[in-house]
Amino acid sequence: IDKFCGKYYFNDDRRYNFVAAEKFATEEEKKKMIRLFKPSVPKASEDMPALKIMMLRPGARSEDDLFVHDTLYNIVVRDNVRDYLIMECWTGDMQLTVDGKISRNQAEGKTIITLDKSTGKA
């Protein structure tokens, strides 16, 4: 999943805002996030890979002033397409607010991200 980590800019244009996909610092941090949502997201598996989605805090003064906004979970990466890596996962139903509380805005979605091996861009 390392190749899917990084900043994703709207239309790949760095003049716009971004979200960042990052690995959890530890396996325990990942499990803690999944357990926080376990009652409402029972299919989230602690044994499968996950990435956290980071966003800029309102009024951020640097690109490093981020908070955990969501989680990509139950990640499966397929390398069976010649020029692409395909990541399939779920997201949208593990959203947090800026202050780390469970957001009222939850919207589960199956997500497929295609990464071009020649450019390294998804």
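This report describes selected strands, loops and side-chain contacts of one structure.

## Basis of the description

The structure is a predicted model, in which local features need pLDDT of at least 70 and side-chain atom pairs count only at pLDDT 80 or more, while totals for chains, interfaces and linings use all residues. Residues are numbered from 1 along each chain as its sequence is written, and side-chain values use heavy atoms, with hydrogens and water left out.

Strands are DSSP runs of E with at least two residues, and helices are runs of H or I with at least four residues, numbered from the N terminus. Two strands are said to pair if DSSP finds at least two bridges between them. Strand β4 (residues 66–81) pairs with β5 in the antiparallel sense over 5 bridges, and the two form a hairpin with 2 residues between them. Within this pairing, Val 76 has Glu 88 of β5 as its bridge partner.

β5 is mostly covered, with 6 of its 8 residues buried; buried means under 20% relative accessible area, exposed means over 50%, and partly exposed lies in between (1.4 Å probe, protein chains only).

Asp 93 lies in the loop between β5 (84–91) and β6 (109–116). Its relative accessibility is 8%, so Asp 93 counts as buried. Contact is defined as heavy atoms within 4.5 Å. Leaving aside residues up to four places away in sequence, Asp 93 touches Phe 37, Val 41, Lys 43, Asp 70, Tyr 73, Gln 106, Ala 107 and Glu 108.

With Tyr 73 there is also a polar contact between side chains, at 2.9 Å. A polar contact is a pair of N or O atoms within 3.5 Å; within protein, one must be able to donate a hydrogen and the other to accept it, and residues adjacent in sequence count only if both atoms are side-chain atoms. Lys 43, one of the residues touched by Asp 93, lies over the face of Trp 90, at 4.5 Å from the ring centre. A charge sits over a ring if NZ of Lys or CZ of Arg is within 6 Å of the ring centre and within 35 degrees of the ring normal.

## Tyr 9 and the aromatic pairs

Tyr 9 belongs to strand β1 (residues 6–9) and, at 10% relative accessibility, counts as buried. The side chains of Tyr 9 and Arg 14 are joined by a polar contact of 3.3 Å.

The whole structure holds 2 aromatic pairs. In one, the rings of Tyr 9 and Phe 18 have centres 5.4 Å apart and planes at 55 degrees, so the pair is tilted. In the other, Phe 10 and Tyr 16 have ring centres 5.4 Å apart and planes at 80 degrees, so the pair is edge-to-face. Rings of Phe, Tyr and Trp (its six-membered ring) pair if their centres lie within 6.5 Å; planes under 30 degrees apart count as stacked, over 60 as edge-to-face and the rest as tilted. Tyr 9 and Phe 18 are both buried, whereas Phe 10 is exposed at 51% and Tyr 16 is partly exposed at 42%. Lys 7 lies over the face of Phe 18, at 4.8 Å from the ring centre.
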